[in-house]
Amino acid sequence: MSSLMLGLTGLIIFLLLIFLRMPIAFAMALVGFTGFSYLTSTSAGMNMVVREIYSSFSSYTLSVIPMFVWMGFLAYYSGIGTRLYVFAYRLIGHWPGGLAIATQAACAIFGAICGSNTATAATMGAISLPEMKKYNYETSLATASVAAGGVLGVLIPPSVIFIVYGMATQQSIGKLFIAGILPGILLMLLYMAVIFLLAFRRPQIAPAGPVASWNERLAALRGGLLEVIIVFALSMGGLFAGWFTATEAGAVGAMGVLLVSLAGRNLSWEGFKKSLFDTTKTTAMIMLLVAGSAVFGRFMAVSRVPFELANWTGSLDLPAFAVMGFILLIYLVLGCFIDALALVLLTIPIFYPIAVNTLGYDPIWFGVIIVLVVAMGVITPPVGMNVYIIKGVVPDVPLELIFKGIWPFLLAIIVCLAILIAFPQIATVLPGMLTN
């Protein structure tokens, strides 16, 4: 069997192992080790696995992950999400569909100190869904709006997926973070437009909430948004200004959330312990995925699948945007079955060289596109992690009812992708200013 055929066979076996419910990190490591050993030797395969796992777990760069993850869990357990929603609710809750629109604003702001789609969806779901139920929002719209809003948690910095993409492609994490700001705001506005249009056409599905006084709005501003501004200015502001590295920014951000929470007496001892436990569990999962993908990537390299695929793509008589559309379609299909983080780690060794080296796309722009397109997978069936999280928040709501409401928001993401492909400057202008 040729090395190319073995590589393609390995990909098929990997997908089969996933469908058999083997943990993705272990499936990547097993297929990678077996295939690499077959093409070289068992001894070389063992040495490669040990070296890759050790280098992954001992990497200073990877220490940025637990810092930003802890930052998000501290924000979750200290109730920052609740105060953000109150602020957004009092500001725009009286609009048609105002509660759902306020949820999008709260998701975007919470994403600025969270970096996780699941934490964003879980936090905002627990806070906003009871309010929307109280005002007789259509269940499908209410639940789907929160599930889709969780996507903003991985597009607006900090983002764990941006961190992993940056490490896998040797791109600046700071540039990737700042590149996600404008696309994140664009997607938030598109979500809001979708909700407003649905509520305008059928007011009964999303009745407007009460009008808050300006005193109530100012009180909510001081109690919610001010905390986020302080933490974001400390963490992301220092990173963008070049005062410290991404790893240091994560540590500063985590300490900032901790100090703000303690100063406001919003974090209990039990919440502090839970934040550490959840951070350890999530970090271990991410580190195993990174190590497994490193082993699998070495197998892909020696099998020459990425190189042959790049050569084949370069030989196609098609414009670059058509090839990119085909790549994004593959991501969309795979995202329906594979977790977003695992999908990035699995496919970057294959598609990154094609997009950047063969097609000539900007690697920072491509990172934003990849984060956006794999995020679609967290709201599409059958995996749809955010949808399952919302189902856990409201167990009495049928799963198919939540998925039914997702499609307008999925269309908003597709429109956002089309705009970013047509106007890549939206994602590259801020990183360009940072470089200058």
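Leaving out residues up to four places away in sequence, which residues does Thr 169 touch? Ile 348 and Tyr 352, with contact taken as heavy atoms within 4.5 Å. Some notes around that point follow.

This is a predicted model, in which local features need pLDDT of at least 70, side-chain atom pairs count only at pLDDT 80 or more, and totals for chains, interfaces and linings use all residues. Residues are numbered from 1 along each chain as its sequence is written, and side-chain values use heavy atoms, with hydrogens and water left out.

1. Thr 169 first. This residue lies in helix 10; helices here are DSSP runs (H or I, at least four residues; strands are E, at least two), numbered from the N terminus. With a relative accessibility of 8%, Thr 169 counts as buried, on a scale where buried is under 20% relative accessible area, exposed is over 50% and partly exposed is in between (1.4 Å probe, protein chains only). Its C-alpha atom is separated by 21 Å from that of Phe 321, which is 152 residues away along the chain.

2. Now the rest of helix 10 (residues 160-169). Nine of its ten residues are buried, so the helix is mostly covered. Besides Thr 169, the buried set has Val 160, Ile 161, Phe 162, Ile 163, Val 164, Tyr 165, Gly 166 and Met 167. The cover includes helix 4 (64-77), helix 9 (152-155), helix 11 (173-179), helix 15, helix 18 and helix 19 (363-375).

3. Both ends of helix 10 deserve a look. At the start, a side-chain oxygen of Ser 159 comes to within 3.4 Å of the backbone nitrogen of Ile 161. That is a polar contact in the sense of a pair of N or O atoms within 3.5 Å (within protein, one must be able to donate a hydrogen and the other to accept it, and residues adjacent in sequence count only if both atoms are side-chain atoms). Just after the helix, Gln 170 has a positive phi of about 60 degrees.

4. Helix 15 against helix 18. The axes of helix 15 (residues 269-303) and helix 18 (residues 340-358) come within 9 Å and cross at roughly 20 degrees; axes are lines fitted to C-alpha atoms, for helices over the stretch in contact, and angles run from 0 to 180 degrees between N-to-C directions. The two helices are therefore roughly parallel to each other (under 35 degrees is roughly parallel, over 145 roughly antiparallel, 65 to 115 roughly perpendicular and the rest oblique). From helix 15, Ile 286, Leu 289, Val 290, Ser 293, Phe 296 and Met 300 meet Leu 341, Ala 342, Leu 345, Leu 346 and Ile 350 of helix 18. By class, that contact has ten nonpolar residues, one polar and no charged.

5. Helix 15 also packs with helix 3 (residues 42-57), at an angle of about 140 degrees and with the axes 9 Å apart. That makes helix 3 oblique to helix 15. On the helix 3 side are Met 48, Val 49, Arg 51, Glu 52, Ile 53, Ser 56 and Phe 57, which meet Met 287, Leu 288, Val 290, Ala 291, Ala 294, Val 295 and Arg 298 in helix 15. This contact divides into ten nonpolar, one polar and three charged residues.

6. Ser 140 sits in helix 8 (residues 139-149) and counts as buried at 6% relative accessibility. Its side chain reaches the backbone oxygen of Leu 401 at 2.9 Å. Leaving aside neighbours within four places in sequence, Ser 140 is in contact with Leu 401, Lys 404 and Gly 405.

7. Leu 239, in helix 13 (residues 214-241), is buried, with a relative accessible area of 10%.

8. Two loop residues to check for backbone geometry. Arg 21, in the loop between helix 1 (3-19) and helix 2 (24-39), has a positive phi near 70 degrees despite being a residue other than glycine. Asn 136, in the loop between helix 7 (117-134) and helix 8, has a positive phi of about 60 degrees and is not a glycine either. Arg 21 is exposed at a relative accessible area of 76%, and Asn 136 counts as exposed at 60%.

Note on methods: Ala, Val, Leu, Ile, Met, Phe, Trp, Tyr, Cys and Pro count as nonpolar, Asp, Glu, Lys and Arg as charged, and the others, Gly among them, as polar.
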